[in-house]
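Visitor: I would like to go through this model and ask on what grounds each label is given.
Guide: Go ahead; the entry is shown first.

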Amino acid sequence: MFYQPRLLHRIYAWTRGRFWIPCPICKRGFGEHEWNDGHELWLTERDSVAVCPHCGDRAAEMNSESGLPGDAPFV
Ligand SMILES: [Zn+2]
């Protein structure tokens, strides 16, 4: 499954120069190669942070609750 083994994913990310960050929701580390497009949590109208694949649905819920990123036209 997704969370096993974390260490190999971490090495994979590190050796390829990909990001490795803690998920802002579940706090578990995940790599850029595991990140899915659109899996992000919006903090303000301009800033979002990537969440792990496991938390993509939860992030979408939180975004709809917060109303972010809203209609602000940042292109
Ligand atoms: Zn997560």
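**Labels and their grounds**

Guide: To begin with one residue of this predicted model: P24 touches L41, V49 and V51, when residues up to four places away in sequence are not counted.

Visitor: Where is P24 placed?
Guide: P24 sits in the loop between β1 and β2. Its C-alpha atom and that of A50 are separated by 7.8 Å, although the two residues are 26 residues apart along the chain.

Visitor: Why is P24 called partly exposed?
Guide: P24 has 17 other C-beta atoms within 10 Å. Buried would take 20 or more and exposed 12 or fewer, so with 17 P24 falls in between and is partly exposed.

Visitor: What makes K27 exposed?
Guide: K27 has 9 other C-beta atoms within 10 Å. The limit for exposed is 12 or fewer, therefore K27 is exposed. K27 lies in the loop between β1 (20-22) and β2 (29-31). Its phi is near 75°, a positive value in a residue other than glycine.

Visitor: Is N36 buried or exposed, and how do you know that?
Guide: N36 has 11 other C-beta atoms within 10 Å. Since 12 or fewer counts as exposed, N36 is exposed. The residue is in the loop between β2 and β3 (40-42).

Visitor: Which residues is N36 in contact with, leaving aside its neighbours within four places in sequence?
Guide: N36 is in contact with P53 and G56. In the case of P53, the C-alpha atoms are 6.4 Å apart in space, and the residues are 17 residues apart in sequence.

Visitor: What makes up the largest nonpolar core?
Guide: Seven residues: C23, F30, L41, V51, C52, C55 and A59. The label requires buried residues of nonpolar type joined through C-beta atoms within 7 Å. C23 is in contact with R28, F30, V51, C52 and C55, leaving aside its neighbours within four places in sequence. In soluble globular proteins, nonpolar side chains tend to be buried together.

Visitor: What makes the bond between L68 and P69 a cis peptide bond?
Guide: Omega is about 5° for the bond that joins L68 and P69. P69 lies in the segment after α2 (56-66).

Visitor: How many helices and strands does the protein chain have, and in what order do they run?
Guide: The protein chain has two helices and four strands. From the N terminus on, they run α-β-β-β-β-α. Of the 75 residues in the protein chain, 15% are buried.

How values were computed
Residues numbered from 1 in each chain as written. Predicted model: local features only at pLDDT ≥ 70, side-chain atom pairs only at ≥ 80, totals over all residues. Contact = placed C-beta atoms within 7 Å.
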